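Visitor: Hi, I'd like to talk through this structure with you. Could you put it up?
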Amino acid sequence: MPFLDVCFSPELIHLYELKGRVVVVVDILRATSSMVTGLAHGLERIVPVSSLEDCKLYSQQGYLTAAERDGKMASDFDLGNSPFSYMSELVKGRTLAMTTTNGTRAIRLSAAADKVVVGAFLNLSSVAAYLLEQQKNVLVVCAGWKGKFNLEDTLFAGALAHKLQDSFEPENDATLAAWHLYETAKNDLEGFLSKASHVQRLRNLDIFKDITFCLQPDVYDIVPVMEGDYLV
Ligand code: 3SL
């Protein structure tokens with residue numbers, strides 16, 4: 001049986017062998033939720049970039065650009081990081097260069113994996129089905145917040161561990177911890193997360209509906225996969 005492991009923060013990724021694995025990068029609030037939403041709404045591909053400067057360079061090549069820092073849209077870019085802004089006609093058929101505080105960095109740090117895919121509650125069952133097909137060891141990389149642990153990404157890892165529990169073996173205590181956390185929270189994810197740091201951070205910015213939206217399971221049936229520099 002293949003293994004399922006969880007890396008709680010990009011700062012810990014050096015402890016894991018990525019080669020031979022499928023990595024699922026997750027940033028529930030909100031980067032990977034927005035990526036899944038955008039690609040499901042007709043965005044052609046996304047290049048995740050680390051810095052605002054690099055992202056800006058892409059606009060000179062005709063790319064649509066999206067940038068977020070500390071929960072806010074950075075100035076002089078086309079989009080921020082609300083999934084609702086990725087539902088517009090503006091994204092259809094376009095290539096997007098995107099940089100966010102944690103999510104895009106976690107994707108770039110995972111590049112040595114055999115495959116890098118993007119997960120969110122919004123595409124949870126599709127990611128689980130994809131992993132069942134691949135039959136390779138899996139590492140869920142939680143984007144966290146500036147190197148620190150967060151609850152919402154860990155809950156996603158736990159939800160995936162629940163979905164795959166008959167077919168994947170938990171590799172260590174991180175997977176077990178995520179499984180138990182999700183078991184406790186599964187009937188009311190939003191209530192469970194009410195005191196979570198990033199939920200409070202977003203609420204302080206008057207961002208409420210994004211939280212509710214990003215916690216919905218299986219709104220979309222796509223699995224974004226990195227191909228070269230692009231998420232498609
Ligand atoms: O950190 C990130 O990558 C973002 O998802 C953070 S935010 O939800 O846009 O504030």
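Visitor: How do the residues of the shell around the ligand divide into nonpolar, polar and charged?
Guide: They come to 3 nonpolar, 6 polar and 3 charged. Here Ala, Val, Leu, Ile, Met, Phe, Trp, Tyr, Cys and Pro count as nonpolar, Asp, Glu, Lys and Arg as charged, and the others, Gly among them, as polar. This is a predicted model, where local features need pLDDT of at least 70, side-chain atom pairs count only at pLDDT 80 or more, and totals for chains, interfaces and linings use all residues. Residues are numbered from 1 along each chain as its sequence is written.
Visitor: Which residues surround the ligand?
Guide: Among them are D27, R30, E68, N81, T100 and A143, where near means a C-beta atom, placed from the backbone, within 6 Å.
Visitor: What ipTM does the predictor give the complex?
Guide: The ipTM is 0.95, with a pTM of 0.97. For the protein, the mean pLDDT (the predictor's confidence in each residue, from 0 to 100) is 97.
Visitor: New topic: which residues have the most contacts inside the largest nonpolar core?
Guide: V24, V25, V26, V140 and L160, in a core of 69 residues. Such a core joins buried Ala, Val, Leu, Ile, Met, Phe, Trp, Tyr and Cys residues through C-beta atoms within 7 Å; buried means 20 or more other C-beta atoms within 10 Å of a residue's own, placed from the backbone.
Visitor: And which helix gives the most to this core?
Guide: Helix α5, residues 151–163, with 7 residues; helices are DSSP runs (H or I, at least four residues), numbered from the N terminus.
Visitor: How much of the protein is buried overall?
Guide: Of its 232 residues, 45% count as buried.

Terms used. A residue is buried if 20 or more other C-beta atoms lie within 10 Å of its own, exposed if 12 or fewer, and partly exposed in between; C-beta atoms are placed from the backbone. Helices (H or I, at least four residues) and strands (E, at least two) are DSSP runs, numbered from the N terminus.
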